[in-house]
Amino acid sequence: MAPPRGLSAKAIGRARRLLTGGVGIGLLAATAATLMVLDRIDNAAVERLRIEFTDLAVPAIEAMSQPVVTARRVATEAGAWVEVRRQNARLTEENDRLRQWQTVARKLEQENAALRAQLAVRGEAGPRFVTARVVGDSGGPFVRTLLLGAGGRDGLKAGNAAVVGEGLVGRLVEVGERASRILLLSDLNSRVPIMLENGRYRGILAGDNSGQPRLVFLASAARPTVGERIVTSGHDGVLPPGLPVGVIASLGPGDPRVALFADLSLLEFVRVLQHDPPRVGGAGGRDGQTAVTR
Amino acid sequence: MLGALGRRSIRLAGGAIPALSTLLLGMVGLLPIDVGGLTRITPLLAAIAVHYWSVFRPDLLPPWAAFAIGLMLDLASGGLVGLYAFVFVLLAGYASSQRRVLSGDSFVTGWAGFAVVMVAVSLLEWTMASLVRGAPMPAGASAVQSLLTVALYPPLFLLLGRAQLSLLRES
């Protein structure tokens, strides 16, 4: 026998109150806490959900970011017009300096090619890259990531290095079909193997959410100096070696700090290097849809 | 003349304004906006919307909707999945249960109420992120986010107030 109409409406009302009241809130909070723990232990389903959702959301975020991009471009243009004379003088001077460097670079390039030919060096193909627009920013207080409007269909893979003209920005940690996420060098979870350009001593560049990441696990024989250049060492087998990262800004107290070449707050476009790390054996490797461990 | 179906559609669309405005403000926080070097820490605009609607129209933004919006922001922002979902559910629950106090006799008391809530939100966010990571997170950024959010409350209060008025006209 069907329950009377009044009773069923009362039951529905009570269930609704329960769900929107304390019990419902408790259940939802417990679900959210479980998701946090699952994400922390790198649960594949949560990772997949994040990649799929980002892929879906990117067209909307991209459309919303258009006015921001236009406004930024207008502001940059206006600033450039105001500074055109000063900028011209600076660029002329820089151009003279670069011409001298060009001569040096050409000579070194020839020398390098000759030496490589003599030694029959293998396994260092020239880098290919994809230029992608930054469409989103994490914005949160604990994360330093950027969202790119390019993904697996553009040939990007998790682990690829993201650079701008000045130097390394970070690496791709999530790659979907049409979007991907860069973990910036400043993020708390970022760890990049580097070396001092002069002594070739190795170390790890560790982000801590500040503007200047720390230099940790530096070889004990290393004597870093302020202003010394830092480049990627490539020892992780993921990032290509020799990418410029920054210079040592301070030596202490605590670990040395690195001032990055790239200004992470002003990124509109980045280049993603499609570097294929050397592999032993033919099998294995990640496909374009997976994420690397953070 | 609108038929019954038309009126019903308008009512439904109007009822979605709280959730849509909250989601929209959340997405604005994801845009690469650069304001004087503050680009890395953007105010938690969606928290203002969750607070506003939970105080003034909790029927249109129930805790499960706050949960869903928080989860979407978690997924899109690349942060810890579940963190904003957790924070928004508790914020919605608390704000709707204390709506008499938080709606305030004047705008300033309402604003002060939100400031207190936002401090609690930041503390909750920081505690959960630190607990899950197993080490204390840098607290400075969280404090800056909280201050920026409180500072942006008045213009968004006006904006959401307008949205609420249009909602009343439609229903």
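**Chains A and B: reading the terms**

Biologist: What makes a residue pair between chain B and chain A count as a polar contact, and how many are there?
Modeller: Eleven residue pairs between chain B and chain A are in polar contact, with both partners at pLDDT 80 or more. The pLDDT condition is there because this is a predicted model. The distance limit for such a pair of N or O atoms is within 3.5 Å.

Biologist: Which helices of chain B supply residues to the side that touches chain A?
Modeller: At least two residues each come from helix 2 (17-28), helix 4 (63-77), helix 5 (83-97), helix 7 (107-133) and helix 8 (140-151) of chain B. Helix 4 of chain B gives the largest share, nine residues. By class, that side of chain B has 31 nonpolar, ten polar and five charged residues.

Biologist: And how many salt bridges link chain B and chain A?
Modeller: The count between these two chains is zero. The area buried between them is about 3,900 Å², with 70% from carbon and sulfur atoms, and the contact takes 46 residues from chain B and 46 residues from chain A.

Biologist: Let's turn to chain A. Why is A:R50 with A:E174 called a salt bridge?
Modeller: The cut-off is within 4 Å between a side-chain nitrogen of Lys or Arg and a carboxyl oxygen of Asp or Glu. The closest N and O atoms of A:R50 and A:E174 are 2.7 Å apart, so the pair qualifies.

Biologist: What makes this pair a link between distant parts of the chain?
Modeller: A:R50 is in helix 3 (residues 44-82) of chain A and A:E174 is in strand 4 (residues 168-175) of chain A, 124 residues apart. The two also belong to one network of salt bridges that share partners, together with A:D39, A:E47 and A:R181.

Biologist: How do you know whether A:R50 and A:E174 are buried or exposed?
Modeller: Buried means under 20% relative accessible area. A:R50 is at 2% and A:E174 is at 2%, so each counts as buried.

Biologist: Now A:E83 and A:R86, please: what class does each get?
Modeller: They form a salt bridge too, with closest N and O atoms 3.0 Å apart. A:R86 has a relative accessible area of 58%, over the 50% limit, and is therefore exposed.

Biologist: Where does A:F217 lie, and is it buried or exposed?
Modeller: A:F217 lies in the loop between strand 8 and strand 9 (229-232) of chain A. Its phi is near 50 degrees, again positive. With a relative accessible area of 73%, over 50%, A:F217 is exposed.

Conventions:
Residues are numbered from 1 along each chain as its sequence is written. Chains are lettered from A and ligands numbered from 1 in the order in which they are written. Side-chain values use heavy atoms; hydrogens and water are left out. Contact means heavy atoms within 4.5 Å. Buried area is the accessible area (1.4 Å probe) that two parts lose on being put together, summed over both. A polar contact is a pair of N or O atoms within 3.5 Å; within protein, one must be able to donate a hydrogen and the other to accept it, and residues adjacent in sequence count only if both atoms are side-chain atoms. Helices (H or I, at least four residues) and strands (E, at least two) are DSSP runs, numbered from the N terminus. Ala, Val, Leu, Ile, Met, Phe, Trp, Tyr, Cys and Pro count as nonpolar, Asp, Glu, Lys and Arg as charged, and the others, Gly among them, as polar. Buried means under 20% relative accessible area, exposed over 50%, partly exposed in between (1.4 Å probe, protein chains only).
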